[in-house]
Amino acid sequence: MFENIGEIFLLFWRTLLSLPQAWRQRQKVFDQFFEIGNASLLMVCVLSFFIGAVIALQTGPVLVERGLASAVGGIVGISMAKELAPVMMAILIAGRIGSAMAAEIGSMRVYQEIDALRTMNINPVHYLVLPRLLAIAVALPMLVVFGILVGWLGGAVIADTNSHIAIPFQAFWANLRDVVELKDVANGVFKSFCFALIIGVVSCHQGLATIGGPRGIGRSVTKAVVNSIVLIVIFDYMLTRVLLK
Amino acid sequence: MNSSTNNHSGVSLQVCGLRKSFDGQAVLRGIDFEVQPGEIFVIMGPSGSGKSVLLKQLIGLEPPDAGEILINGESIQSPEIASKYRLAMVFQSGALLNSLTVGENVGLYLSEHRLKPPEEIARIVAEMLEDVGLKGTEDKMPSELSGGMKKRVAIARALVIEPQLILYDEPTSELDPLSSVVIGEEILHLQQRIHVTSLVVTHDRDLAFGVAGRMAVINEGRILTIGTPDEVKRYNDPLVQNFLHADFKREP
């Protein structure tokens with residue numbers, strides 16, 4: 001992965017330079033945006049609900065035992081907003097959308113469709129990479145906001161219904177509102193924006209670098225997902241350090 | 001569209017000392033030839049002789065290690081070439097964009113470069129598809145087409161550019177004899193109608209001798225001979241004669 005970092009940065013830079021083309025590519029951006037949302041919304045919903053539920057289930061009984069029942073809402077709220085929703089949604093999107101991007105562009109590369117674009121003087125970065133990167137950069141933060149809300153709901157439902165926790169719905173929300181500030185949600189959204197850029201540019205780069213036949217496409221898909229996840233985790237640490245200040 | 005295509009003519013192509021290696025293995029070992037404007041020039045050779053690599057260099061998809069490619073005397077590496085001359089390539093596989101319909105594929109150049117309004121593009125696409133015998137296929141997906149139809153759509157897509165130089169990579173590979181004849185006739189028809197310079201790379205002997213104005217035989221990255229089809233047929237070299245007359249011999 002690390003030998004390709006230079007190429008990945010170069011592709012990202014070329015995509016940034018092609019931003020003035022964004023309006024011309026708006027239909028493709030919208031199509032990709034719809035594709036990402038449509039493919040992921042239900043999964044985001046299920047994943048977030050159960051992540052919120054699990055945090056409430058893991059922390060609730062321990063805190064209640066020590067007389068800290070009022071902290072459960074805050075813990076679920078903060079952990080979903082600042083860490084779990086951005087990272088888990090990014091990993092989900094890397095698996096679902098990053099793999100699809102790498103496979104689609106990789107097969108276009110293998111079957112000479114990208115060569116055909118270049119012979120027509122159509123820049124593959126403008127035509128293929130820019131719409132995907134813009135779409136994912138908008139879609140992932142939106143999915144994360146949705147995931148945060150559903151995760152909070154999951155935590156609240158479990159805190160209310162589980163007999164070992166038994167924190168009323170209203171009390172859970174009151175504590176969550178006390179602890180979680182808007183900047184915590186903004187923190188998570190900013191992280192997810194950075195993760196979206198990582199997934200988009202790594203997946204498109206892997207697609208464009210595909211060589212060989214179907215096996216090459218398979219290799220590219222695997223590398224796109226694995227490299228995206230590794231970079232997401234590394235950047236998560238770095239961003240957390242920066243945002244803590 | 002037809003009236004405008006008649007206003008342009010083919011370009012000349014000069015290739016001098018072209019060399020290309022991959023991982024130290026020489027694929028092109030010094031290729032020299034020249035194609036006159038409006039000529040159909042055929043490059044023949046067995047599989048693996050470097051024909052497709054040569055085409056990629058000619059259209060600018062890969063840079064050569066050494067040598068020069070000149071379009072009307074200007075280097076193909078020059079940044080102005082793409083805007084100054086209209087070059088097109090028909091790929092061996094057709095290379096149609098599978099996510100687009102036939103109509104969108106054919107009109108892609110015009111729509112992406114915003115050269116015509118959508119209604120005008122639709123009209124041109126319909127006309128081009130009719131020209132290659134595929135009227136009414138605009139809404140089909142490439143996956144619904146046969147190999148021969150895909151090749152003809154690829155030709156229609158190349159024609160939309162109103163090319164001055166068109167490169168064909170194995171245009172009849174994987175096609176039945178009837179479809180091969182249709183493609184060969186289409187290449188001749190285009191040359192007569194719009195005087196485009198055509199460079200056809202093939203190992204199909206019938207196509208090569210059927211359409212060539214002049215031809216070259218290439219083997220292991222070197223040109224063995226260049227001339228008219230009759231001159232090449234008479235060229236007394238065992239490699240060339242073996243290639244031209246290779247035939248299946250059945251034991252009695």
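I take a charge to sit over a ring if NZ of Lys or CZ of Arg is within 6 Å of the ring centre and within 35 degrees of the ring normal. With that rule I looked at B:Lys233, which lies over the face of B:Phe209, at 4.9 Å from the ring centre. I found another such case in chain A, where A:Arg26 lies over the face of A:Trp23 at 4.2 Å from the ring centre.

Before going on, I note that this is a predicted model, in which local features need pLDDT of at least 70 and side-chain atom pairs count only at pLDDT 80 or more, while totals for chains, interfaces and linings use all residues. Residues are numbered from 1 along each chain as its sequence is written, chains are lettered from A and ligands numbered from 1 in the order in which they are written, and side-chain values use heavy atoms, with hydrogens and water left out.

Next I turned to the aromatic rings. I count rings of Phe, Tyr and Trp (its six-membered ring) as a pair if their centres lie within 6.5 Å, calling planes under 30 degrees apart stacked, over 60 edge-to-face and the rest tilted. Over all chains this gives five aromatic pairs. One of them joins A:Phe49 and A:Phe50 edge-to-face, at 5.5 Å centre to centre and with 75° between the planes. The rings of A:Phe172 and A:Trp173 have their planes at 85° and their centres 6.0 Å apart, so this pair is edge-to-face. A:Phe172 and A:Trp173 also belong to one aromatic cluster with A:Trp152 and A:Phe169.

How buried is A:Phe172? Taking buried as under 20% relative accessible area, exposed as over 50% and partly exposed as in between (1.4 Å probe, protein chains only), I find A:Phe172 buried at 1%, whereas A:Phe49 is partly exposed at 24%.

Then I looked at where the chains meet. With contact meaning heavy atoms within 4.5 Å, 21 residues from chain B and 16 residues from chain A take part. The buried area, which is the accessible area (1.4 Å probe) that two parts lose on being put together, summed over both, is about 1,700 Å² between chain B and chain A, with 54% of it from carbon and sulfur atoms. In chain B, the residues that lose the most area to chain A are B:Leu61, B:Leu97 and B:Glu112, together 30% of what that side buries.

Last, I checked salt bridges (a side-chain nitrogen of Lys or Arg within 4 Å of a carboxyl oxygen of Asp or Glu), and there are two between chain B and chain A. B:Glu112 forms a salt bridge with A:Lys28, and their closest N and O atoms are 3.1 Å apart.
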